[in-house]
Amino acid sequence: MSLTVNVSSYISSLCYSVLRVEPYTSCSYSCMYCYAKWYRNTDIVKPNYDFISGFKECVLKLRELKLKTIPFRMATLVDPFQPIEDKYRVSRYVLKICLENSIPLILNTKSIAYTWKAWFKLISELSSKGLLLLQVTIVTPSDKISRIVEPNTPTTSERLKAIEKTLSENIPVVVRYQPLIPGASDIDSVRDLFSQFKALGVKQVIVESIRCLEDDILFLKGVLESRDVYDSVWESYALEDRVESRLRRPPLKWRLEIFKTIRDLAERFNIDFATCKEGLFNLHTAKNCCGIHLMDEEKYVLRPTLYEAWIIYRKTGKLPYYDEIISKHEGEKYIYGEKLKAYPRALRRGLKAHEKKLAKILIDEKTARHIAPSLSLRGSI
């Protein structure tokens with residue numbers, strides 16, 4: 001079982017955190033907007049023991065070889081703190097493995113169970129060593145709307161209280177304000193939400209627009225306040241990946257307008273801003289889109305992405321080839337190419353596949369600009 005996220009045009013070109021830990025086989029939260037439902041093989045929720053066994057084996061190998069790793073993400077297809085965790089404690093076991101072996105971990109959840117004593121102690125210890133970043137998903141400022149689109153999860157209010165407790169212990173928290181759903185919030189409620197983020201001490205907010213099927217668009221239009229964007233033609237999320245072929249997302253014009261508004265709010269409250277899988281690097285004020293820089297920079301490495309290509313593009317006006325990106329990042333902060341040979345096979349094969357995909361995209365300017373509009377040669381984005 002692969003410890004890397006599946007290769008795709010968006011993930012391979014935009015994401016740093018392509019190493020995954022999936023403690024359970026599925027997720028009982030069943031949010032209507034769940035992206036993972038197109039990728040999971042089952043709806044049966046049970047401990048993913050084989051996966052965790054492979055993860056531990058890889059971690060021990062990394063420790064033996066004294067290699068730094070890209071931070072792992074727990075999780076990408078499930079919530080690690082869904083109710084089953086109270087019984088099986090698989091996610092807690094993962095936290096313990098990371099702590100014992102100095103493995104950097106991005107903890108991604110919309111639960112509040114991580115504040116429970118047995119888990120919170122491990123999270124605090126990982127954080128004190130610079131090995132943990134907590135990402136909490138918030139979809140809407142409204143508890144009422146939250147109950148419509150994610151009925152089995154803690155409310156927004158409950159999540160904010162959990163964030164408050166976490167930040168009071170100096171554990172870095174990034175809010176994933178996503179998916180951004182048209183009509184799920186208005187600008188006044190978003191302003192109030194960011195005011196709360198500021199008061200709590202949130203350092204960064206990540207925004208990503210919803211992507212969904214046509215039936216989901218009709219459902220949202222029916223249950224949320226009417227918005228012109230639902231009458232617009234939503235663009236295809238697809239490039240060449242068959243699994244994405246039916247997915248739609250709001251048009252770029254709408255995304256740019258709302259993202260700029262939210263970015264301006266974030267700047268007003270001195271909160272770093274980034275987008276996720278949008279390629280709108282020119283809007284970013286955060287050092288790293290995931291917030292990885294909030295961890296100890298001596299404890300992890302990164303992989304090159306289109307963001308590194310964009311930095312070069314800003315200076316030269318030309319989209320660089322992959323080799324050009326590598327030549328600019330020859331230090332220890334990034335792993336690529338020959339460096340990957342030293343890594344365990346469970347990581348090496350996946351990371352090489354992601355690298356190959358990114359290199360291919362960089363020689364296809366049309367695709368690269370579709371994935372990352374900031375790479376427009378016109379400079380108009």
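Author: A salt bridge is a side-chain nitrogen of Lys or Arg within 4 Å of a carboxyl oxygen of Asp or Glu. This is a predicted model, in which local features need pLDDT of at least 70 and side-chain atom pairs count only at pLDDT 80 or more, while totals for chains, interfaces and linings use all residues. Residues are numbered from 1 along each chain as its sequence is written, and side-chain values use heavy atoms, with hydrogens and water left out.

Reader: Why is the meeting of R263 and D264 called a salt bridge?

Author: Their side chains meet at 3.0 Å, N to O, and the limit is 4 Å, so the pair qualifies.

Reader: What makes R263 buried and D264 partly exposed?

Author: Buried means under 20% relative accessible area, exposed over 50%, and partly exposed in between (1.4 Å probe, protein chains only). R263 has 16%, and is therefore buried, whereas D264, with 41%, is partly exposed.

Reader: How do you know which of the two, K68 or E298, is exposed?

Author: E298 has a relative accessible area of 56% and is therefore exposed, while K68, at 32%, counts as partly exposed.

Reader: What makes R255 buried, and what does R255 meet in a salt bridge?

Author: R255 has a relative accessible area of 1%, so R255 is buried; its side chain meets that of E235 at 3.1 Å, N to O.
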